[in-house]
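This briefing covers a sheet and a chain-to-chain interface. Please look over the sequence and the structure before reading on.

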Amino acid sequence: MIPPFKLIQAHSTSDAVAELQRLGDDAKIYGGGTELLILLRHNLVQSDYLIDIKSIPELGSIRCANGTVSIGAAVTHRSLETDSTVREMLPMLASAESQVANIRVRSQGTLGGNLCFNDPHSDPATVLLVHDATAQVAGPNGKRQVLLGSFLTGMYSTTLEADELLLSVDVPRLPAQFGGSYMRIHRLQRPTLGVAAAVSLRDGALDEVRLAVGCVGPRALRLEELEGNLHGAAPAEISKIIQESKTSLKALLEPIDDLLGSSEYKLYITGVLLERALHEAVHNATR
Amino acid sequence: MPAPETLLEFIRRRLGLTGTKRSCESQVCGASTVLVDNQPISSCNYLTCEANGKKLLTIEGLAQGDRLDPLQEAFLRNVGAQCGFCTPGQIMVAKPLLLHNPAPTRKEIAEWLSGNICRCGAYPAIVISVQGAAIELAAHKSDR
């Protein structure tokens, strides 16, 4: 049984922020509820008030301007999987979204909920990091924006304050000459790990490289050092460079043993998927 | 304050319709699947108030009078069940698949149904049943 709470309908973002300010830690933002209702049922989270943000129009919209797709926090995974703008502009994200959990979770769960909950076993954040996505946040003192890489701070934690609301995620499309690839392996409907790669080429060699890995450790991360080491490398050198970076990858990713795999296994598979995703991204860039 | 009611509790206790099953209660197994405005959801993890003003379809509403839905017919014909506990959920997830994609491949059916667990392991017969219903629906359409 889910313990009693009062459900408050917020009609605007300022309405939601005002309620958060008034109720403080007693209130939680309620979107799809896929994670929150389970946590409430098992008493892992206690909350006297849930603030429903689903009827705020701007949080449910997908807008596109100047090559950047702005995704409202209450947009569902299923919408992102099927939306024609997202499929055209952000094919890697559409692909990752189509693999989230199962069709029921995708129909109900929202991107904003997924990012704010920041379960380490999640797909979208990994892809969004490679896109250099930005989180738009509203609070009592107005709006602020923060790079998603800084927004996601650790396992189940973000920089969001108790009186702040995630409004949207702004996702720039990859530059025209880039190729991208998202790869994951999963067990029991949850990703064991996911890897996103985007590359551009110059004279047959890797030029700009963007890499992110999720689910291995406490949070999804960009691999800046490895990105730098791959700059200027020939595709044939990818495997060797990844092998040489295993020690620094381990220190960066802090792999965790869990039901989905040992830390040793995850680190090994990270290397395998990075190599495959990079080759696919190279293939997509040259097409 | 009364305890918040899930749609599953509303369907089983207040409506007395027991085709929708309670099982994992964490949106993993699919036994409690119903359609809200044609979207498959886990009724065990969905508040009843969310369905206000929306169209709810449970396994009991699938037949047209005495005529079973083509999916129900196909599950019977192909024995797409062993104990039958998961069957309403399997059918209620397959229903929007066929609405959205009338001729799914075997792989598409398997992906779409991957979030529905059958502890008896009747998966091959479940996939054949969904394929059978798709073929039946296509044949029916070309009759007209």
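How much area do chain B and chain A bury between them? The two chains bury about 2100 Å², where buried area is the accessible area (1.4 Å probe) that two parts lose on being put together, summed over both. Carbon and sulfur atoms carry 55% of it.

This is a predicted model, in which local features need pLDDT of at least 70, side-chain atom pairs count only at pLDDT 80 or more, and totals for chains, interfaces and linings use all residues. Residues are numbered from 1 along each chain as its sequence is written, and side-chain values use heavy atoms.

**Interface of chain B and chain A**
- Chain B contributes 28 residues and chain A 23 residues to the contact (heavy atoms within 4.5 Å).
- One salt bridge crosses the interface (a side-chain nitrogen of Lys or Arg within 4 Å of a carboxyl oxygen of Asp or Glu).
- B:Glu50 forms a salt bridge with A:Lys54, with the closest N and O atoms 2.8 Å apart.

**Sheet in chain A**
- Five strands (DSSP runs of E, at least two residues) form an open sheet in the order E4-E5-E10-E6-E7, with antiparallel pairing (at least two DSSP bridges between two strands).
- The edge strands are E4 (62-65) and E7 (142-147) of chain A, each pairing on one side only.
- Strand E6 (residues 134-139) of chain A is joined to E7(A) by six bridges.
- A:Ala135 has A:Val146 in E7(A) as its bridge partner.

Definitions and conventions: Chains are lettered from A and ligands numbered from 1 in the order in which they are written. Helices (H or I, at least four residues) and strands (E, at least two) are DSSP runs, numbered from the N terminus.
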